[in-house]
Amino acid sequence: MIQMTNNQMIDFLVKMYQNSTEAIFFLDEEGNILSLNPAAEQIIDPSLLQKIKGGNINSLCSFCRGYTSDEHLMTCVHCYLKDPESDFTSFQVYLETNGKGIVPYAASYHMIDEENGVYVFMLRDLTLQYKKQELVYRNKMLQKTIDAQEKERRRISRELHDSVVQELISTLVDIRVMRYMDEKDILKKIDDTEGTLNRLIEDIRDLSVFLRPASLDDLGLEAAFRSHFKWVKQTYGIEVSFTSTIKQRRYLPNMETTVYRICQEAVLNAVKYAKVAEITVILTESEDRLELYVRDKGEGFDVDHPTVKGSGIGLFGMKERAELINGKLKVHSEHHKGTTVFLSVPIPNQLEEE
Amino acid sequence: MESFDFQTAIHQLHEIYEVDLVALAMVLPEEQFLLKWKYISGNLNQQYKRIQLRTGKGVAGAVFKSGKPYIVSNVPTQIDPNKMYHYPILQFEQIKSFVALPLFKNHRVTAVLLVASREIEGAGIALYQRMMDELGECFGPLYLQELMTN
């Protein structure tokens with residue numbers, strides 16, 4: 001590295017200030033703008049920039065819309081300009097920009113001249129990075145959705161192949177054998193075959209209900225839930241205590257489907273991971289919203305950092321489904337205390353008028 | 001079949017083989033495709049009573065369907081922990097190893113005998129061999145092997 005003279009250094013710094021893609025503001029102790037570089041000028045709305053250059057407006061607040069603190073996404077509480085003691089070497093700030101609306105920036109704010117009270121405020125545009133992150137996230141989730149779909153198809157295909165086709169073949173063989181049997185034996189064989197066919201019917205019925213419960217279309221949420229919970233109790237040995245206080249019998253079809261699927265997923269999650277003998281499900285109406293609680297007193301997990309045990313699509317899928325019908329989904333969980341899934345969906349007015 | 005005292009027989013197996021749990025699942029007489037745990041010895045709780053299995057589902061369902069013994073000497077490594085919920089009896093009774101045998105009547109599986117341990121390797125091939133040697137052909141009115149007569 002060559003030894004740099006002071007003049008060279010100043011030259012470099014001026015060039016950096018002029019040509020940097022990073023927006024640089026020099027501010028005084030009150031947060032008034034002393035100077036800003038060309039990159040910073042580009043961010044700000046031209047008419048506002050005029051006023052700043054003319055000295056009519058000095059404050060950063062004219063286009064700052066808050067920063068991301070520990071508690072809030074966008075806030076002016078404990079403003080970075082007024083709290084020089086705190087660490088603001090790297091934080092996220094939202095600015096009203098020229099033509100692009102409110103945009104998040106990665107910012108740093110620190111004192112560079114203690115004597116004269118001069119601060120530097122530097123910004124880097126995060127939009128591109130955000131978009132990329134979002135795209136990566138979306139692609140990942142789409143991939144997971146496709147995988148889950150494929151997995152489900154494989155399960156159905158295997159079920160059809162292993163149980164339905166197998167049993168049919170065995171029935172066919174039984175019937176063929178009957179040709180060569182005594183009449184007395186045939187009657188017994190018919191009994192057996194009847195048993196096989198009954199079992200087969202039950203298998204297919206199960207599969208069909210699992211795919212789409214007819215009771216949901218014909219009788220509504222309450223009935224569909226009751227039969228599903230009976231099935232859960234028998235198959236997994238776990239009691240689901242179900243309370244419903246809904247007044248309305250039927251809701252819009254897509255709303256019923258969504259609530260049913262979310263409940264099914266939440267209950268299955270509890271069955272798989274909570275390690276409990278009982279799950280509580282409450283379906284209720286409050287004002288103009290349909291609410292669903294699925295509660296267990298089991299293992300619980302860290303909601304912010306769940307260790308993915310299954311496909312990792314469950315919780316995400318539940319939230320996505322809820323959002324599609326303007327619903328809200330909240331998951332509360334504590335280790336060794338249990339998990340509560342709460343779903344709240346607005347009830348549209350149309351059905352009441354009908 | 002009704003005259004045979006299954007409960008006592010189950011208790012005896014429990015003592016003879018020094019395992020933690022012995023249970024017998026039977027096909028429901030009214031619905032030939034459902035299995036329930038009817039007789040049990042050494043259980044920790046009553047949760048088994050809720051279980052009703054279909055062909056192919058759960059430990060009993062798998063044996064019922066295949067007609068073959070199902071032997072797992074190390075549940076935590078041989079059964080995917082994420083699929084454990086398909087085997088409620090193993091979870092409720094904290095089973096770590098087991099032998100499950102089909103029992104036949106009229107060439108059909110009508111019951112499944114579960115002999116299980118709460119310790120890894122507590123039950124396995126050796127136990128299965130011993131049982132097959134000692135029990136002989138029958139367990140009460142039920143056969144241990146599907147007899148090939150027709």
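Helices (H or I, at least four residues) and strands (E, at least two) are DSSP runs, numbered from the N terminus. With that in hand, here's a first tour of a predicted model, starting from E256(A), which lies in helix α8 of chain A. Local features need pLDDT of at least 70 and side-chain atom pairs count only at pLDDT 80 or more, while totals for chains, interfaces and linings use all residues; side-chain values use heavy atoms, with hydrogens and water left out. Residues are numbered from 1 along each chain as its sequence is written, and chains are lettered from A and ligands numbered from 1 in the order in which they are written.

- E256(A) counts as buried because its relative accessibility is 3% (buried means under 20% relative accessible area, exposed over 50%, partly exposed in between, with a 1.4 Å probe and protein chains only).
- Leaving aside residues up to four places away in sequence, E256(A) touches L216(A), G220(A), L221(A), R249(A), R250(A) and Y251(A) (contact means heavy atoms within 4.5 Å).
- D174(A) is found in helix α4 of chain A, which covers residues 127-178.
- At 11% relative accessibility, D174(A) counts as buried too.
- With residues up to four places away in sequence not counted, D174(A) touches K189(A), T193(A) and R108(B).

**Helices α7 and α8 of chain A**

- The axes of α7(A) (residues 221-236) and α8(A) (residues 253-274) come within 11 Å and cross at roughly 20 degrees, which means that α7(A) is roughly parallel to α8(A).
- Axes here are lines fitted to C-alpha atoms, for helices over the stretch in contact, and angles run from 0 to 180 degrees between N-to-C directions; those under 35 degrees count as roughly parallel, over 145 as roughly antiparallel, 65 to 115 as roughly perpendicular and the rest as oblique.
- On the α7(A) side, the residues that meet α8(A) include L221(A), F225(A), F229(A) and Y236(A).

- An open sheet with mixed pairing is formed by 5 strands in the order β7-β8-β9-β11-β10 (two strands pair if DSSP finds at least two bridges between them).
- β7 (239-244) and β10 (328-334) of chain A stand at the edges with a single partner strand each, so one side of each has no neighbour in the sheet.
- Ignoring direction, neighbouring strands of this sheet are turned by 10 degrees against each other on average.
- β9(A) (residues 289-296) and β11(A) (residues 338-346) pair in the antiparallel sense over 8 bridges, and L290(A) has V345(A) in β11(A) as its bridge partner.

**Helices on the sheet**

- α7(A) packs on the sheet, touching β7, β8 (278-286) and β9 of chain A, and its direction makes about 165 degrees with that of β7(A).
- α9(A) (residues 314-324) also packs on the sheet, touching β10 and β11 of chain A, with its direction at about 150 degrees to that of β10(A).
- The buried residues of α9(A) are G314(A), F316(A), M318(A) and A322(A), and what covers them includes α4, α8, β10 and β11 of chain A.
- Just after α9(A), N326(A) takes a positive phi of about 60 degrees.

**Chain B**

- Chain B has 5 helices and 8 strands.
- Of the 150 residues in chain B, 49% are buried.
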